[in-house]
Amino acid sequence: MDYSFNTKCVQAGYTPGNGEPRQIPIIQSTTFKYDTSEDMGKLFDLEAEGYFYSRLQNPTNDYVAAKITALEGGAAGMLTSSGQAANFFALFNICEAGSHIVASSSIYGGTYNLISVTMKKMGVDVTFVDPDCAEEELNAAFQENTKAVFGESIANPALTVLDIEKFAKAAHAHGVPLIVDNTFPTPVNLRPIEWGADIVTHSTTKYMDGHGAALGGAIIDGGKFDWMAHKDKFPGLCTPDESYHGITYAEKFGKEGAFITKCTSQLMRDLGCMQSPQSAFILNLGLESLHVRMPRHVENGQAVAEFLEQHEKVAFVNYPTLPSNPYYGLAQKYLPKGGCGVVSFELKGGREAAEKFMKNLKLAAIETHVADARTCCLNPASSTHRQMNDEQLAAAGIPAGLIRISCGLEDKADLIADIAQALDAI
Ligand SMILES: Cc1ncc(COP(=O)(O)O)c(C=O)c1O
């Protein structure tokens, strides 16, 4: 039976048998026991399913990955130790030295560095495109060696909304998959696979955990991309892997299983960015209430954005579901239930006003974090971007008085009262 999305948040991924634990068991074991070497050999040859070492796979993690896969409407999924690891693995599973990526320029700074600095050192090139560019410009960014297109459904911190259908169309016209980081809306508010994305990634550290408790990431494959139809582009999936006795992932595991099986059996084996089973257990507690929490984050974000927009000390507010926002049209299409609880706004008094405002907040804490049950905020000019002067900040599109506030699950009246008194103090 196919249950509703809300029911999947609570129960998908793990169904206990008679007399088994009701809650997901934490299998805190690095290794697994076998009766014969032959039994274990079958696992090493990918001839049988099972666990042998938690650097590659662990049952607790697989229960939780199966839940996120069900929520995204995917075919297969895996957990990683962080969102950074998820994006790196998703890209590196199909890229190698000499490959090229087309990526939206409006993405999280950590992912921008990963692609433009670290992966570049590995010989993977990138062309960044403005997510709002015309289709011709997007198509012109592709090269013979392009292997993937990457974007964020709602970008951190710019809050731009990705036109997933436009990006999927361009990716597919060039025979490559679209990878979408869906961290901010979560599958509660947007499921990229339904709009044509092939692979979805998450920093589960954010709303999925939702309590600032466990670092983690996830990769979900929609299972629709036909690797064999683009055999020459994806030799890692479509030609024999000598490190597994010559199996060909796309042949043996099909469209539904090839990507995640290769990512687990090669990248996890060799790079080992596995989430701990303890963290996976904590993540699952967050997932059980994701469908209840996200609407409250959205309600609080919308209320705070509307309050700030009419305040005389505020220069502008950036929140995609405000009618004044340039992404309002795309938000109505892709985010009919709202986006997330993150709002950014600029104070008229610049850096000094921002510092005074934040010092006077009582509920909202100053943190390098978003998507938590507790409201938190950050002034990039005095923290993440403090090496830049006001002119450099303006050139980067980050005014000195910009504040990012991640609205938590508190009562919106209390949040607004806190913000109002801190604005009065400026
Ligand atoms: C959209 C997005 N993707 C990926 C990451 C990286 O995730 P993590 O911090 O879990 O490594 C972040 C972190 O803020 C993010 O906001």
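Reader: How many aromatic pairs does the structure hold?
Author: The model is predicted. Rings of Phe, Tyr and Trp count as a pair if their centres lie within 6.5 Å. By that cut-off, the number of aromatic pairs in the structure is 13.

Reader: Are the rings of Phe345 and Phe357 stacked or edge-to-face?
Author: The ring centres of Phe345 and Phe357 are 5.8 Å apart, and their planes stand at 90°. Planes over 60 degrees apart count as edge-to-face. The pair of Phe345 and Phe357 is therefore edge-to-face.

Reader: Which parts of the chain does this pair link, and how many residues apart are they?
Author: Phe345 belongs to strand 9 (residues 342–347). Phe357 belongs to helix 14 (residues 350–360). The pair links distant parts of the chain, and the separation is 12 residues.

Reader: Is Phe345 buried or exposed, and what about Phe357?
Author: Buried means under 20% relative accessible area. Phe345 has 0% relative accessibility, so Phe345 counts as buried. For Phe357 the relative accessible area is 0%, so Phe357 is buried.

Reader: Which residues form one aromatic cluster with Trp227?
Author: The cluster holds Trp227 together with phenylalanines.

Reader: In what order do the strands of the open sheet run, and which are the edge strands?
Author: The open sheet is formed by 7 strands with mixed pairing, in the order 1-7-6-5-4-2-3. From one strand to the next, the twist averages 20°. An edge strand pairs on one side only, as is the case for strand 1 (76–80) and strand 3 (125–129).

Reader: In what sense do strand 2 and strand 3 pair, and which residue stands opposite Ile101?
Author: Strand 2 (residues 100–104) pairs with strand 3 over 5 bridges, in the parallel sense.

Reader: Which side chains have a polar atom 2.8 Å or 2.7 Å from an oxygen atom of the ligand?
Author: Around the ligand are 13 residues, and those that come nearest include Ser203 and Lys206. Gln84 has a polar backbone atom 2.9 Å from a ligand oxygen, which is not a side-chain case. At 2.8 Å the side chain is that of Ser203, and at 2.7 Å that of Lys206.

Key
Residues numbered from 1 in each chain as written. Predicted model: local features only at pLDDT ≥ 70, side-chain atom pairs only at ≥ 80, totals over all residues. Heavy atoms only, no water. Phe/Tyr/Trp six-rings, centres within 6.5 Å; stacked < 30°, edge-to-face > 60°. Helix = DSSP H or I, 4+ residues; strand = E, 2+ residues; numbered from the N terminus. Buried < 20%, exposed > 50% of the residue type's maximum accessible area, 1.4 Å probe, protein only. Pairing = 2+ DSSP bridges. Axes fitted to C-alpha atoms, helices over the stretch in contact; angles between N-to-C directions. Near = heavy atom within 4 Å. Polar contact = N/O pair within 3.5 Å; in protein donor to acceptor, adjacent residues only side chain to side chain.
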